[in-house]
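I opened this notebook to keep track of what I looked up, one topic at a time. Each entry says what I searched for and what I found.

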Amino acid sequence: MANKVIVVLGSGPGIGVATGALFASKGFDVALLSRNAQRLQQDVARVEKAGSNITVQAYPVDISDHVALLTTLKKVEADLGPPEVVFFNAANVQPSKIGETTPEYLLEDFKTVNIGLYTAASWAIPHLTARARKPAAHPSFFFSNSGIYHHPIADFFSLSMQKAAQFNLAGSLKQVLAPEGVHVASVDIGGIVKDEDPVLNPRNIAEQFWKLYQQEKNQWMFDVKLGDIEEFIKRMSGQ
């Protein structure tokens, strides 16, 4: 029997690799997508160590380029088979200030966080809804969220905007996919992800996605909150 497949869009040394590695340890084949081809090879090596009898493959792609992204996702499908889980973790986590940030920057951010998510979802929908009709399947579309979608930070206003739009897009996806048996959900990260943080560390965040994956339909959660975004913003502002 073929392994189940998780597709990680926005691989990296934090949440992306931790989530890929955790699912690999449970017997999933893993596709890792990121624009950084050199780092992807390091990510693959880390994820491969987590599992046995699995396949882990790197797919360099600029997720803001929806044409290239769709072509890459079709290659993932050809190489590994249809996904059981799609995890969207792509974002440009950089400061942006009102009056200093160019419209071009905002557009590129939107292409990555929202057009990228929409492209991935459009590709995934027929695969995930088909899997929902199979026994013992838990088809899922997950994304990493941030509390700044409802508590924006002015010095990261572009990311705050993108996350607000993304949350609404995901809410629409839930309305469409939940009746078809597909779990749409996020982990809402209320602060900065650090290895040494007892709550907001990559391993703990990955475990929340695994718990979401295991939920039966009558248990489904949509937005799991980790950390306190209001307290985090107060600390940032020195209050």
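**Entry 1: ground rules**

I am working with a predicted model, in which local features need pLDDT of at least 70 and side-chain atom pairs count only at pLDDT 80 or more, while totals for chains, interfaces and linings use all residues. I number residues from 1 along each chain as its sequence is written, and side-chain values use heavy atoms, with hydrogens and water left out. Helices (H or I, at least four residues) and strands (E, at least two) are DSSP runs, numbered from the N terminus.

**Entry 2: α4 and α5**

I began with a general point: two packed helices are described by the angle between their axes and the distance between the axes. For helix α4 (residues 103-131) and helix α5 (residues 157-177), I found that the axes come within 10 Å and cross at roughly 15°. Axes here are lines fitted to C-alpha atoms, for helices over the stretch in contact, and angles run from 0 to 180 degrees between N-to-C directions. The helices α4 and α5 are therefore roughly parallel to each other, a label for angles under 35 degrees, where over 145 is roughly antiparallel, 65 to 115 roughly perpendicular and the rest oblique. I also noted that α4 passes α5 in a right-handed crossing, a term for the near helix being turned clockwise from the far one by less than a right angle, with anticlockwise giving left-handed.

Which residues of α4 meet α5? Among them are Tyr105, Phe110, Leu117 and Ile125 in α4, and the α5 side of the contact includes Phe157, Gln162, Leu169 and Leu177; contact means heavy atoms within 4.5 Å.

**Entry 3: α1 and its surroundings**

I then turned to helix α1 (residues 15-25) and helix α2 (residues 37-48), whose axes come within 8 Å and cross at roughly 35°, again in a right-handed crossing. Val17, Gly20, Ala21 and Ala24 in α1 meet Asp43, Arg46 and Val47 in α2, and by class this contact has 4 nonpolar, 1 polar and 2 charged residues.

Is α1 mostly covered or mostly uncovered? It is mostly covered, with 10 of its 11 residues buried; buried means under 20% relative accessible area, exposed over 50%, and partly exposed in between (1.4 Å probe, protein chains only). The buried residues of α1 pack against β1 (5-9), β2 (29-34), α2, β4 (85-88), β6 (183-189) and α6 (202-214). After α1 comes glycine 27, whose phi is positive, near 95°.

**Entry 4: salt bridges**

Side chains of opposite charge can pair when their charged atoms come close. Searching the whole structure, I found 9 salt bridges, each being a side-chain nitrogen of Lys or Arg within 4 Å of a carboxyl oxygen of Asp or Glu.

One of them joins the side chains of glutamate 84 and lysine 4 (3.7 Å, N to O). Glutamate 84 lies in the loop between α3 (66-80) and β4 and lysine 4 in the segment before β1, so the pair ties together parts that are 80 residues apart in sequence. Glutamate 84 counts as buried at 0% relative accessibility, whereas lysine 4 is partly exposed at 27%.

I also looked up glutamate 108 and lysine 111, whose side chains meet in a salt bridge (3.3 Å, N to O); being 3 residues apart in helix α4, they are separated by about one helical turn. Another salt bridge, between aspartate 223 and lysine 225, has a distance of 2.6 Å, N to O, and aspartate 223 is buried at 16%. Salt bridges that share partners join Lys4, Glu84 and Arg131 into one network.

**Entry 5: loop residues**

Asparagine 53, in the loop between α2 and β3 (56-60), has a positive phi of about 55° although it is not a glycine, and at 75% relative accessibility it counts as exposed. Proline 139, in the loop between α4 and β5 (140-146), is buried, with a relative accessible area of 2%. Leaving aside neighbours within four places in sequence, I listed the contacts of proline 139 as Glu84, Leu128, Arg131, Ala132, Gly181, Val182 and His183.

How values were computed:
Ala, Val, Leu, Ile, Met, Phe, Trp, Tyr, Cys and Pro count as nonpolar, Asp, Glu, Lys and Arg as charged, and the others, Gly among them, as polar.
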